[in-house]
Amino acid sequence: MSTKPGSHLLVDPSDEPRSERVARRLRTVPTVVAIFLVVTLLAPVILGLTGIADLMRRRHDWTLTRLAVFGWVFLASETVGLIALGAAWLAGGRRTVALTWAFQRWWSSTLFKTLRSVFRLRFVVEGDDQVAPGPVIVMMRHASMVDNLLPAGLVSLPHSIRLRYVLKKELLWDPVLDIGGQRLPNVFVRREGDSATEITRIRRLAIGLTERDGVLIYPEGTRFTAKKRDQAIRRLERTDPALADRARQLRRLLPPRPGGPMSLLDSGADVVMCAHHGLEGLAGVSDVLRAGLVGRTIHVGFRRIEADQIPSDRSERVAWLFDQWQQVDDWIDTVQAEVG
């Protein structure tokens, strides 16, 4: 499904062939709805089984049961979202875009608040006054699958900033992100590299930003693991030994990939760096089961850099980006030392 003609899209549509988009949605939309209906019907059985499994694990944090509850809320939000996005499409014109923005706020708010409540997460935020107003380019570390919800919960919702996202293309298999995400100014990119076409599309995200707008990008491009860090350093050793040396100094982060961030800096917007601590080691569901998520305190630090403090020369900008990333790494070390 796509927006009607005259819907006033804010960015160029995806270069993906329409046939591929339709074929994917014909698979994902009914699959999500069917899974939601089955899970809802079997909810008592599922909760009973997860409860027994939690008792057998003897961890007393009820992680499996909490995951089941969050999973049901996610599926319910997806199903309601598909209906809402369909209704927004029928509205037509500018109302389609406006209603989709409103839905995005509801959807992301629901998931963030559910995550925080179900897993009893506590957030300690520094520099909250640095986030607004826009226009801003928000650069966030990527440590786990959980931090995908932090931009909505800590930037969009409390500060009424409409974020435009740079997302990995695999997320198009989530039908709500596929339909709603491509109706709004977002870019879905391949993780293998920064092609000239994708860089151009990312640059366009920063066009027309107002005091209510921002762009969110994860400069690392993927979630941190020690293995990925070593791989990234080896790649830099072949292409830029000086940056490889800089990357070795990063202990908890992957070296930033300059392509996307550099293209966004051309907008002249301020940059907000977002560091966080407390979500390490949670790359997937198995990590949540092993390491535990319940009751964690998540420390988040925002730091704003005004546009006139950012170099204009590309090589100086790359060095500047690595400097900022080093500061994020140092901040994480400081928090780690304080919390033990």
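This report describes selected local features of a predicted model.

## Packing of helices α1 and α3

Helix α1 spans residues 18-41 and helix α3 spans residues 63-91. Their axes lie 9 Å apart, and the two helices pack at an angle of about 135 degrees. Angles over 145 degrees would count as roughly antiparallel and those from 65 to 115 as roughly perpendicular; α1 and α3 are therefore oblique to each other. The crossing of these two helices is left-handed.

On the α1 side, the residues in contact are V29, V32, V33, I35, F36, V39 and T40. They meet W72, L75, A76, E78, T79 and L82 of α3. By class, this contact has 10 nonpolar residues, two polar residues and one charged residue.

S144 belongs to the loop that runs between strand β2 (136-140) and helix α5 (150-159). With a relative accessible area of 0%, S144 is buried, because that term applies to values under 20%.

A polar atom of the S144 side chain lies 3.0 Å from the backbone nitrogen of V146. When neighbours within four places in sequence are left aside, S144 is in contact with R223, L279, L282 and A283.

P133 is placed in the loop between β1 (122-126) and β2. P135 likewise lies in the loop between β1 and β2.

Most residues other than glycine have a negative phi. W62 has a positive value, near 55 degrees, and is not a glycine. This tryptophan is in the loop between α2 (43-57) and α3. Its relative accessible area is 38%, so W62 is partly exposed.

S160 is also a residue other than glycine with a positive phi, here about 55 degrees. S160 is found in the loop between α5 and β3 (162-168). A relative accessible area of 43% makes S160 partly exposed.

Key:
Residues are numbered from 1 along each chain as its sequence is written. This is a predicted model: local features need pLDDT of at least 70, side-chain atom pairs count only at pLDDT 80 or more; totals for chains, interfaces and linings use all residues. Side-chain values use heavy atoms; hydrogens and water are left out. Helices (H or I, at least four residues) and strands (E, at least two) are DSSP runs, numbered from the N terminus. Buried means under 20% relative accessible area, exposed over 50%, partly exposed in between (1.4 Å probe, protein chains only). A polar contact is a pair of N or O atoms within 3.5 Å; within protein, one must be able to donate a hydrogen and the other to accept it, and residues adjacent in sequence count only if both atoms are side-chain atoms. Contact means heavy atoms within 4.5 Å. Axes are lines fitted to C-alpha atoms, for helices over the stretch in contact, and angles run from 0 to 180 degrees between N-to-C directions. Angles under 35 degrees count as roughly parallel, over 145 as roughly antiparallel, 65 to 115 as roughly perpendicular and the rest as oblique. A crossing is left-handed if the near helix is turned anticlockwise from the far one by less than a right angle, and right-handed if clockwise. Ala, Val, Leu, Ile, Met, Phe, Trp, Tyr, Cys and Pro count as nonpolar, Asp, Glu, Lys and Arg as charged, and the others, Gly among them, as polar.
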